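Me: I have a structure open and would like to learn how to read its features. Could we go through them one at a time?

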Amino acid sequence: MRDLDQLGTPVPVSGTTGLLHLARSPVTMAIYAAGVAALAAERWSTLVRLLTEPQAENRYTGKTQAAAVLLSPGSVFGHFTPPERLHDQLNPVFTRYLALSPTAYVDSWERFEYLRAIAQLDADEGLEWGFMRKAGTVSAYRPGPSGWIQQELDREGDAHPLLAAGFLNGSAERLNRARRSIDEEFDRWSVQARWRS
């Protein structure tokens, strides 16, 4: 965790903004690799630590925030590479070397991406997601993991290990509020993307 804090510190130089953001991409890669692994193993306290503890400085405001919230794939890779590329780069690590099935890898990736987006939205840092499949139909699209977290909360409520580990201060209400906002925005985005293509 301390190494992630250090890697998340912006380099105090001037230059092309995209390249300056790219210098902090190792933090994003490490957070995603560890987050996907924690989710696959259901290590909830590790997952919450990854989403909240490593800190990074916002280059524009100088404010210190959770690195997972601030350094999303879109913000660090920008136009250099799409967020799917990070997903594809980590794939063989999990499916070849850690023997996670391709389906389990995609599920864990999307669930981590969804929880990271929830943390980002809850922190009033807008909404940005990288690579997630969509479920549902036109005018009722939602991110694939939306059903998963809803089932988890319906089954365990405030006692869910994710909340018990301190995610969003253990508030199911905050989690559900962010989840609903993300699902609505994802539906709008999906419909717009469909009409553009």
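Me: Are D183 and R179 buried or exposed?

Reply: Buried, for both D183 and R179. Bear in mind that this is a predicted model. The two residues also form a salt bridge, with the closest N and O atoms 3.6 Å apart.

Me: Why are residues three or four places apart in a helix worth checking as a pair?

Reply: An α-helix has 3.6 residues a turn, so residues at that spacing point the same way. Here, D183 and R179 are four residues apart in helix α11, and therefore about one helical turn separates them.

Me: How do I read accessibility for E152 and R155?

Reply: Compare each value with the cut-offs: under 20% is buried and over 50% is exposed. E152 has 11% relative accessibility, so E152 counts as buried. R155 has a relative accessible area of 55%, so R155 is exposed.

Me: What does E173 form a salt bridge with?

Reply: The partner of E173 is R177, and the closest N and O atoms are 3.4 Å apart. Both sit in helix α11, residues 172–196, four residues apart, which means about one helical turn between them. E173 is exposed at 58% relative accessibility, while R177 is partly exposed with a relative accessible area of 43%.

Me: How many salt bridges are there in the whole structure?

Reply: A search of the whole structure finds eight.

Me: Let us move on to the core. Which residues of the largest nonpolar core touch the most other members?

Reply: That core has 48 residues, and the ones touching the most other members are L47, L115, I118, L162, F167 and L175. Helix α8, residues 102–122, gives the most to this core, with nine residues.

Me: What does F167 touch, not counting residues up to four places away in sequence?

Reply: With those sequence neighbours left out, F167 touches V48, L51, L115, I118, A119, L162 and L175.

Me: Where is E42 found, and what is its phi?

Reply: E42 is in the loop between α3 (25–40) and α4 (44–52). Its phi is positive, about 55 degrees, although E42 is not a glycine. At 55% relative accessibility, E42 counts as exposed.

Me: And where is N169 found?

Reply: N169 is in the loop between α10 (161–164) and α11. N169 has a phi near 55 degrees, a positive value in a residue other than glycine. With a relative accessible area of 66%, N169 is exposed.

Notes
Residues are numbered from 1 along each chain as its sequence is written. This is a predicted model: local features need pLDDT of at least 70, side-chain atom pairs count only at pLDDT 80 or more; totals for chains, interfaces and linings use all residues. Side-chain values use heavy atoms; hydrogens and water are left out. A nonpolar core is a set of buried Ala, Val, Leu, Ile, Met, Phe, Trp, Tyr and Cys residues joined through side-chain atoms within 4.5 Å. Buried means under 20% relative accessible area, exposed over 50%, partly exposed in between (1.4 Å probe, protein chains only). Helices (H or I, at least four residues) and strands (E, at least two) are DSSP runs, numbered from the N terminus. Contact means heavy atoms within 4.5 Å. A salt bridge is a side-chain nitrogen of Lys or Arg within 4 Å of a carboxyl oxygen of Asp or Glu.
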